[in-house]
Amino acid sequence: MLKTLGLNYVYGMEWLQKNGKSTKENRTLVKSHPFLPYALILSDSDLKKLSEHAGDVYTSFPIPIVRREQIEKTEDIDQSGVLSFSGVSFYLLFNEKLLD
């Protein structure tokens, strides 16, 4: 469906492996964006196209999406392993050794 819509996406872990950043820099990015290794990375414009598409493709699990324009913005995120957002919580603990 993403290809059919002409969306340019990359898998987060693939991006982390090929972005040319040091392991330390990638660790900082993952701490700021804990879903990044599991996410699709889309630009704002591609995310808008996706949100406007009344799709008929269903998923059996949520697909995290990280906006490409937000990746370089870092912020402190609680590293307890549980992330909570308005009404839903996720247990998420990434093995940082995979970045080496």
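The structure is a predicted model, in which local features need pLDDT of at least 70 and side-chain atom pairs count only at pLDDT 80 or more, while totals for chains, interfaces and linings use all residues. Residues are numbered from 1 along each chain as its sequence is written, and side-chain values use heavy atoms, with hydrogens and water left out.

The secondary structure comes to three helices and five strands, where helices (H or I, at least four residues) and strands (E, at least two) are DSSP runs numbered from the N terminus. Read from the N terminus on, the elements follow the order β-α-α-β-α-β-β-β. The C-alpha trace spans about 40 × 35 × 20 Å along its principal axes. Of the 100 residues, 31% count as buried; here buried means under 20% relative accessible area, exposed means over 50%, and partly exposed lies in between, with a 1.4 Å probe and protein chains only.

Helix α2 gives a handy view of how burial is arranged. Its buried residues are Asn26, Leu29, Val30 and Ser32. Seen down the axis of α2, these residues fall within an arc of 165°, so they line one face of the helix; the arc is that of the directions from the helix axis to the C-beta atoms. As background, an α-helix has 3.6 residues a turn, so residues three or four places apart point the same way. The buried residues of α2 pack against α1 (12–18).

Leaving aside neighbours within four places in sequence, Arg27 is in contact with Glu96, Leu99 and Asp100. For Arg27 and Asp100, 73 residues apart along the chain, the C-alpha atoms are separated by 10.0 Å. Lys31, also placed in helix α2, is partly exposed at a relative accessible area of 39%. From C-alpha to C-alpha, Lys31 and Phe94 are 9.2 Å apart in space, against 63 residues apart in sequence.

Turning to pockets, the search used a 1 Å grid over the protein atoms alone: a pocket is an open set of points where a 1.4 Å probe fits, with protein on both sides within 12 Å along at least five of seven lines, and lining residues have an atom within 4 Å of a point. Grid points are joined across faces, edges and corners, and a volume is the space filled by probe spheres set on the points. About 320 Å³ of space lies in the largest pocket. Its lining holds 16 residues, and the closest to the pocket centre are Ser32, His33, Pro34, Val66 and Gln70. Strands β3 (65–67) and β4 (82–85) each supply at least two lining residues, and β3 gives the most, with three. By class, this lining has ten nonpolar, three polar and three charged residues, counting Ala, Val, Leu, Ile, Met, Phe, Trp, Tyr, Cys and Pro as nonpolar, Asp, Glu, Lys and Arg as charged, and the others, Gly among them, as polar.

The second largest pocket has a volume of about 250 Å³. Its lining includes Met1, Leu2, Leu40, Leu50, His53 and Val57, and divides by class into eight nonpolar, three polar and no charged residues. Met1 is found in the segment before β1 (9–11) and is partly exposed, with a relative accessible area of 37%. Beyond its neighbours within four places in sequence, Met1 is in contact with Leu50, His53 and Val57. Rings of Phe, Tyr and Trp (its six-membered ring) pair if their centres lie within 6.5 Å; planes under 30 degrees apart count as stacked, over 60 as edge-to-face and the rest as tilted. By this rule, the count comes to three aromatic pairs. One of them joins Tyr9 and Tyr11, with ring centres 5.8 Å apart and planes at 85°, so the pair is edge-to-face. Tyr9 counts as partly exposed at 25% relative accessibility, and Tyr11 counts as partly exposed at 47%. The rings of Phe35 and Phe90 have centres 5.2 Å apart and planes at 85°, so this pair is edge-to-face. Phe35 lies in the loop between α2 (23–32) and β2 (40–42) and Phe90 in strand β5 (residues 88–91), so the pair ties together parts that are 55 residues apart in sequence. Phe90 counts as partly exposed, at 29% relative accessibility.

Methods:
Contact means heavy atoms within 4.5 Å.
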